Amino acid sequence: MELSKSLATGLIIAASLLGGCASNHTQDQAQAYSQDTGASAAVVDTSDPRDPFEPVNREIWDFNWDVLDAYILRPITVTYVTVMPQPARTGLVNITDNLQEPANFLNNMFQGKVDDGLDSLARFLINTTVGLVGTFDVASKIGIERKREQFGETLAVWGLDTGPFLMLPFLGPSDPRSFTGDYVDGFAFPMSLLEGSVNLARIGISVLETRAQLLDQEAQLEQSVDDYAFVKNAYFENLEFRVTDGKSGDKAIDDEQLDDFADFEAMLEGNDFDSYEEASEETVEESTDSEDASAEDSEKAKLKEKDAKSEDGKQRKSNK
């Protein structure tokens with residue numbers, strides 16, 4: 001336990017130091033990466049201020065995706081999904097989620113979300129007792145939904161930036177703020193009490209379930225022009241979505257749309273609506289009159305044709 005804490009602390013300090021000197025070495029790293037791998041400047045774009053370590057991150061991403069995932073994580077995940085019954089998987093996920101509820105409670109309170117914090121506390125008490133140590137999500141059944149919050153999100157609410165994007169070996173995409181938040185959340189009860197095989201089992205279940213959710217998205221990743229950039233952008237979008245509680249996806253309405261909406265709203269009020277209704281009725285009446293006239297002309301043409309045929313028949317009889 002002490003070794004893992006020391007390692008995590010070292011990684012945090014290293015990320016902070018690297019963040020301070022990134023701007024001085026980014027171009028040198030990019031040039032070295034291009035010379036070693038033959039990558040073009042179009043592929044390695046170091047202009048993203050979120051990713052000053054892009055050349056190094058790309059190397060780690062290739063190792064994670066082409067080696068670790070392809071030969072280890074994905075085969076294990078496919079076997080896990082195939083062999084493990086869905087009810088058992090759901091129960092394991094519920095247990096791991098229930099262990100995080102006290103951390104959710106604290107982070108919601110730190111962010112000033114008192115009601116959500118109380119919901120997290122109530123979920124932990126209900127699911128731990130009635131739900132058999134969290135195996136069954138009884139709280140959701142009675143309408144108390146999960147309010148997941150991490151300490152990294154709390155730091156974001158307090159105004160701390162993410163820092164540079166990090167592609168960590170084995171762990172995947174991250175950033176100093178999120179990495180620090182995950183480390184701090186690990187001290188919350190009852191996760192701080194988990195040691196040895198129990199803690200490894202919790203981590204393993206979380207990793208496998210997370211990877212299982214990505215199986216259906218592999219085609220989208222493989223079809224992307226730049227899989228590394230795709231993952232990075234998706235990571236930041238998801239992070240922003242969680243920090244803002246889903247509000248980052250709201251789209252602003254431009255002036256033209258506002259004008260169109262104002263015209264439409266005015267049309268539905270008072271005389272404008274009456275004028276619109278009258279114009280619609282006149283249009284319908286004109287259309288009906290036109291259809292009636294066309295039908296009448298068609299009927300007259302048929303009668304003339306019938307009379308012509310009759311006269312022609314009479315003429316033939318007279319000639320005979």
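Student: By class, what does the lining of the largest cavity have?

Tutor: One nonpolar, four polar and four charged residues. Ala, Val, Leu, Ile, Met, Phe, Trp, Tyr, Cys and Pro count as nonpolar; Asp, Glu, Lys and Arg count as charged; the others, Gly among them, are polar. The model is predicted: local features need pLDDT of at least 70, side-chain atom pairs count only at pLDDT 80 or more, and totals for chains, interfaces and linings use all residues. Residues are numbered from 1 along each chain as its sequence is written, and side-chain values use heavy atoms, with hydrogens and water left out.

Student: What makes this space a cavity?

Tutor: A cavity is a set of points, on a 1 Å grid over the protein atoms alone, where a 1.4 Å probe fits but cannot get out. Rolling a probe the size of a water molecule over the atoms shows where empty space is left. The structure holds one cavity of 30 Å³ or more. About 30 Å³ lies in the largest cavity. That volume is the space filled by probe spheres set on the points, which are joined across faces, edges and corners.

Student: Which residues line the largest cavity?

Tutor: Asn94, Asp97, Asn98, Arg123, Asn127, Gly134, Phe136, Asp137 and Arg146. Lining residues have an atom within 4 Å of a point. α3 gives the largest share, three residues.

Student: How do you know what counts as a helix?

Tutor: Helices are DSSP runs of H or I with at least four residues; strands are runs of E with at least two; both are numbered from the N terminus. The chain comes to 13 helices and two strands.

Student: Why is Phe136 called partly exposed?

Tutor: Buried means under 20% relative accessible area, exposed means over 50%, and partly exposed lies in between (1.4 Å probe, protein chains only). Phe136 has 49%, so it is partly exposed. The place of Phe136 is in the loop between α5 and α6 (138-141).

Student: Which residues is Phe136 in contact with, leaving aside its neighbours within four places in sequence?

Tutor: Asn94, Asn127 and Gly131. Contact means heavy atoms within 4.5 Å.

Student: Why does Val133 count as exposed?

Tutor: Val133 has a relative accessible area of 57%; the cut-off is passed, so Val133 is exposed. Val133 is in the loop between α5 and α6. Its phi is near 60°, a positive value in a residue other than glycine. Most residues other than glycine have a negative phi, and most peptide bonds are trans.

Student: Why is Asp245 called partly exposed?

Tutor: Asp245 stands at 44% relative accessibility, so it falls in the middle class. Asp245 lies in the loop between α11 (227-243) and α12 (255-267). Asp245 also has a positive phi, about 55°, although it is not a glycine.

Student: Where is the cis peptide bond?

Tutor: It joins Phe189 and Pro190, with omega about 0°. Pro190 is in the loop between α8 (176-185) and α9 (196-213). Phe187 is also in the loop between α8 and α9. At 41% relative accessible area, Phe187 is partly exposed. Phe187 and Ala103 are 84 residues apart in sequence and 8.7 Å apart in space, C-alpha to C-alpha.

Student: Which residues of helix α4 are buried?

Tutor: In α4 (residues 101-110) they are Glu101, Pro102, Ala103, Asn104, Asn107 and Asn108. Their cover includes α3, α5, α7 (151-157) and α8. Just after α4, Gly112 takes a positive phi of about 80°.

Student: Why is Glu218 called buried?

Tutor: Its relative accessible area is 10%, so Glu218 is buried. Glu218 sits in helix α10 (residues 218-223). Leaving aside neighbours within four places in sequence, Glu218 is in contact with Arg74 and Arg211.

Student: What makes a set of residues a nonpolar core?

Tutor: The members are buried Ala, Val, Leu, Ile, Met, Phe, Trp, Tyr and Cys residues, joined through side-chain atoms within 4.5 Å. The largest such core has eleven residues: Ile60, Trp61, Trp65, Phe165, Met167, Leu221, Tyr228, Val231, Tyr235, Phe236 and Leu239. α2 (54-83) and α11 give two or more residues each. α11 gives the most, five. Beyond four places in sequence, Val231 is in contact with Trp61, Met167, Pro173 and Leu221.

Definitions and conventions. 1 Å grid on protein atoms, 1.4 Å probe; cavity = no way out; pocket = protein on both sides within 12 Å on 5 of 7 lines; lining within 4 Å.
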